[in-house]
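Here are a few exercises to work through with the model open in your viewer. Try each one before you read its solution.

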Amino acid sequence: PDLNGVDNYFYNSNILSDVFSSGSGSLGVLMYATVAETAAAAGEGYLNPGLFFDNAPYMGLHFADNGARALIYDGAWEEVVVPCSTNAWHFVQMRWDGINLELRVDGGSWNPITCGTIGVMSGEIRSGYTYTGTNFFTGQIAEIITINETWDNGTFNNIKSYLNDRYSLSL
């Protein structure tokens, strides 16, 4: 759907534990941002518009002018950022295994950081705005793909091929 940056978002009553385990998960979002907000301070990526996050917040995939931001709270905020431009389609991919949190865009190299398990799994799932509900994503989110295991590169690449075919893209 098109998100105009003004009070458009998705939410439901599903919680993180309905989708992921605290120690592993994979997430892919096909997105097209037309505006990128100024990046929040390091460790505060949840203050930027979320592509997918929980309202507690204990995990999320967010977007700002410094790129895609994956974060998990494991007793401290663990965050990794990968550059991601506006005005183009991107497949943003995040995965964690209880030891590392990794992020990449369009099948590029993974950017890993050390990360434990997600601290709390009871937050409700959200997309399209910030944790505080004050800033909204401007652009389109075509697909959100989740699983409660850590996908390998081949699986992510197969999903990217599917998205390229389905949407006539060349990611």
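**Exercise 1.** Work out how many helices and strands the chain has, and in which order they run.

*Solution.* Start with the count: this predicted model has two helices and 12 strands. Next, walk along from the N terminus, and you get β-β-α-β-β-β-β-β-β-β-β-β-β-α. Now for the overall dimensions: the radius of gyration is 14 Å, close to the 16 Å that the globule rule gives for 171 residues, so the chain is as compact as a globular protein of that length. The C-alpha trace spans about 40 × 35 × 30 Å along its principal axes.

**Exercise 2.** Find where W110 sits, and decide whether it is buried or exposed.

*Solution.* Then check the relative accessible area, which is 15% for W110. Buried means under 20%, so W110 counts as buried.

**Exercise 3.** List what W110 touches, leaving out residues up to four places away in sequence, and look for a side-chain polar contact.

*Solution.* Begin with the contacts: Q93, M94, R95, E102, L103, R104, N153 and F156. Take R95 from that list: R95 and W110 are 15 residues apart in sequence, with 9.6 Å between their C-alpha atoms. Finally, pick out N153, whose side chain makes a polar contact with the side chain of W110 at 2.7 Å.

Terms used: Residues numbered from 1 in each chain as written. Predicted model: local features only at pLDDT ≥ 70, side-chain atom pairs only at ≥ 80, totals over all residues. Heavy atoms only, no water. Buried < 20%, exposed > 50% of the residue type's maximum accessible area, 1.4 Å probe, protein only. Contact = heavy atoms within 4.5 Å. Polar contact = N/O pair within 3.5 Å; in protein donor to acceptor, adjacent residues only side chain to side chain. Helix = DSSP H or I, 4+ residues; strand = E, 2+ residues; numbered from the N terminus. Rg over C-alpha atoms; globule rule 2.2 N^0.38 Å.
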